[in-house]
Amino acid sequence: MTLAATELAFRAASVALLLVLAASLVADFRNVLAARLGAAFALGSAAHAASYSIGVSSPVPIWHAPLIALSTGNIVVFWLFTRALFDDEFRLQSWHGLIWAAATAFSFVGCLWIAPGGNMRFSVIAVDLIVLGFIALAVVQTIASWSADLVERRRNVRVFIVCAAALYGGLNALLQILVAGSAGDVANTINAGVLACIVAAIACAMLRVDGADLFPVSTSAPAILAQPGRGDESADRKLIDALMRLMAHERVYRQENITIGVLAGRLEIPEYRLRRLINQRLGYRNFNVFLNNHRIEEAKAALADPAQAAVPVITIAMDAGFQSLGPFNRAFKAVTGVTPTEYRRLKVNAA
């Protein structure tokens, strides 16, 4: 088999796997934002698999430009996918779409006008710097949010997906910047083979985790995932009681930047055990949701208290442990179905 035929086979395998993955996510989790963004990322990756070449040295055909533009815009989708995958409170905003459109349009213009006008290196380097920037944002988001995920197997799969995609995309962007002229058929064949292996590994990793764990339909209300065995029941009960005392009496959720490691230290147990306890015994999938539910309960009591009717909502939010009003409003409405102001009005009218 020739190098060209081998490269084509790798590209076709990657595209086929990515299309199947996108269809599966849409079919099973169409109502979950992270899954929809995952499907969009898979489709953009299919465009990348069909169009990408290392060391571009000549203008691309017109029919090729839309695929390259979609491949470039896909790095924005990747960033949004990691945000939704790790942040349960993340919601798409109109400016996210504008960023995607700007990156896609710049790549398209670069293919059809900037590069043919004698500025090919500038066009390639500019696009690859955009790619590296969004990869850096995605990695930072992953590092910042990883510890809040309480489902162990899901945490590992999420990190693998982000790291594999970021490593591949980052190395390709660096190669495009460093390699002048055509990299040759061997390099492009190797690149296509590596991409096919990464896509297959990600698909395999996702199959090993329950889809409802990876893309939970609801994260605001806890659901018990496992019941304690008799041998562990007494020890777990004591730990849960101690944890609830920290929450109810000492109100540790008010502390700024409280982490699961700090909480485990207060209970004098390993972090992994507290993570498992909150997840499998109390039913929470995310540590921040666990904290926010306690904060919201305190805020609900304050908002319903006639003696605090004149206290500003932002003061109540910050006293409960929230750092700003926006996240508090979103978390409060996710739990109660109304805004804090509406909740206070309803309680006043009912009194």
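**The H2/H3 contact**

Guide: Helix H2 (residues 33-51) packs against helix H3 (residues 65-86) at an angle of about 150°, the axes being 8 Å apart (helices are DSSP runs of H or I of at least four residues, numbered from the N terminus; axes are lines fitted to C-alpha atoms over the stretch in contact, with angles from 0 to 180 degrees between N-to-C directions). H2 is therefore roughly antiparallel to H3, a term for angles over 145 degrees. This is a predicted model, in which local features need pLDDT of at least 70 and side-chain atom pairs 80 or more, while totals for chains, interfaces and linings use all residues. Residues are numbered from 1 along each chain, and side-chain values use heavy atoms, without hydrogens or water.

The H2/H3 crossing is left-handed (the near helix is turned anticlockwise from the far one by less than a right angle). H2 contributes Leu33, Ala34, Leu37, Gly38, Ala40, Phe41, Gly44, Ser45, Ala47, His48, Ala50 and Ser51 to the contact (heavy atoms within 4.5 Å). From H3 come Leu67, Ile68, Leu70, Ser71, Asn74, Val77, Phe78, Leu80, Phe81, Ala84 and Leu85. By class, 16 of these residues are nonpolar, seven are polar and none is charged (Ala, Val, Leu, Ile, Met, Phe, Trp, Tyr, Cys and Pro count as nonpolar, Asp, Glu, Lys and Arg as charged, the others as polar).

Key
Helix = DSSP H or I, 4+ residues; strand = E, 2+ residues; numbered from the N terminus. Parallel < 35°, antiparallel > 145°, perpendicular 65-115°, else oblique.
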